[in-house]
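User: Could you walk me through this model, beginning with the ligand site and then turning to the domains?

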Amino acid sequence: MDNRIFIFDTTLRDGEQAPGFSMTVDQKIRMAKQLEHLGVDTIEAGFPIASEGDFEAVKRVAKEVKGCRIAGLARTKKEDIDRAWEALKYAKNPLIHTFLATSDIHLEHKLQLSRQQALDMAIQNVRYAKSLTEYVEFSAEDAVRTDVAYLCQVIEAVIDVGATSINVPDTVGYSIPVEFGSIIRTIVERVPNINKAILSVHCHNDLGLAVANSIAAVQNGARQVECTINGIGERAGNASLEEVVMILRTRKELLGFETGVNTTEIYRTSQLLTHLTGMAVQRNKAIVGANAFAHEAGIHQAGVIKDARTYEIMTPQSVGIRESSLVLGKHSGRHALEKRYSELGYSLTREELNRAYDAFKNLADKKKEIYDGDLIAIAEDKVTEIPETYVLENLQVNSGTQLTPTATVRLRCGEKVFEESSIGDGPVDAACKAIDSMTQVHAKLTDYSINAVTKGKDALGEVLIRIECEDSSYAGRAASTDIVEASVQAYLNAINRVVYQKKGKP
Ligand code: KIV
Ligand code: ZN
């Protein structure tokens, strides 16, 4: 099995710690279950000592996700390791991931430790983690800028006291493929006990080389890649899971490796992350971007029609992008809808199906043809994990080149009904102001994107937004054939999150 590459997903840890990508505990559980479905080997669920929320997330993922190894991050400190173990002990297959910087620049300027002190600290804490559980990973933070002889010395020592995986991070995304490959090769050749551990890599994307560096590492002896969905992570992000996995699959004849990932779940996983965080991927993103399989030039289209292999090195189906097939219409019943959802991989509860069915009927009144993409958008809207404290009952906007944009919004909150009119820079701004005044939540819109979910002028417009309120960031999403309505619903969705999390039900 020496050609098996293990996929260590850190979307919920390194990914989630990047600005704009924070998730609630419930959202992390949803994401973790999808990652399990995707077939990753390890899910790093968080950094338990960092916050109560992280602790709770790691604990719940450990309790609820049994199909993968569950990792929690800890500095090489006893209190960090204890806290990580407290959360991880519920996992069927736990891993304590402990890290310490090894480069002189970090040792001198960040930690004020000598090389010997850092070595002793790494040994002592890996030994301690090992006394708690079988699987322990040690990461030499900033390994790329570490003196390679010292790096090898640290690696040998921590394997001696029980580390089962050794991670070599390019923490600052500084390396280039030939150099990174050669560091990995040096470790393989110089560390005498390296065969007792799995050699892992964790590359950041500051120079856009995270995926290339990860592949170079694999070619030189690494057998685990740490990566994230959509490449999210600190600064410019981490190596993108979908790219690493699809490179290994598409170029298998050349590279000779395989992963345990079910690639047909890639697109759905990427979409789920987008929905949960409100952060869209750029259209030209490899593998999962909206244009990744779209052929625009006439010459390309003609080629693809004759034989898709002319311009397609992998099929959209292989990453789970389905043909936009017409599936249901106005007269389709609840049973047909349920069946289609189950084919799409959703198992909806009775209540969720009822809500989805109402939304489907509504949409079918406005739009003749309903595609899979429409159904997915409805499901992601209606299977929402937060209560709809405020419901949009009515929206009326007035705008035009010669008019001051105004909006009148009616909201229902339980038995109470509120109505307010506002003016703004545009109709959406006016409606959001009215919502702020009724809900008494004052938020700042920080991100806004709109995309057509399916084809045609009557396509659903999907709006993803992020708002900031009292130093926290919240996502909102909604889809409608009317983009002003979708925008206002997305804003309200985010406001409902604020209300739910910060204030409890009003
Ligand atoms: O980038 C990094 O060095 C890390 C470590 C904690 C693995 O995220
Ligand atoms: Zn990192």
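User: How far does a polar side-chain atom of H202 lie from an oxygen atom of ligand 1?

Analyst: This is a predicted model, in which local features need pLDDT of at least 70 and side-chain atom pairs count only at pLDDT 80 or more, while totals for chains, interfaces and linings use all residues. Side-chain values use heavy atoms, with hydrogens and water left out. A polar contact is a pair of N or O atoms within 3.5 Å, and the separation for H202 and the ligand 1 oxygen is 3.1 Å.

User: Which residue has a side-chain N or O atom 3.0 Å from an oxygen atom of ligand 1, besides D14?

Analyst: The shell, counted as residues with a heavy atom within 4 Å, includes H97, E141, N167 and H204. D14 places a polar side-chain atom 3.0 Å from a ligand 1 oxygen, and the other residue with a 3.0 Å separation is R13.

User: What area do domain 1 and domain 3 bury between them?

Analyst: The bounds, from an automatic or database domain assignment, are 6-277 for domain 1 and 391-502 for domain 3. Their C-alpha centres are 38 Å apart, and the contact (heavy atoms within 4.5 Å) takes eight residues from each of these two domains. Buried area is the accessible area (1.4 Å probe) that two parts lose on being put together, summed over both; 44% of it lies on carbon and sulfur atoms here, and the total is about 640 Å².

Note on methods
Residues are numbered from 1 along each chain as its sequence is written. Chains are lettered from A and ligands numbered from 1 in the order in which they are written. A polar contact is a pair of N or O atoms within 3.5 Å; within protein, one must be able to donate a hydrogen and the other to accept it, and residues adjacent in sequence count only if both atoms are side-chain atoms.
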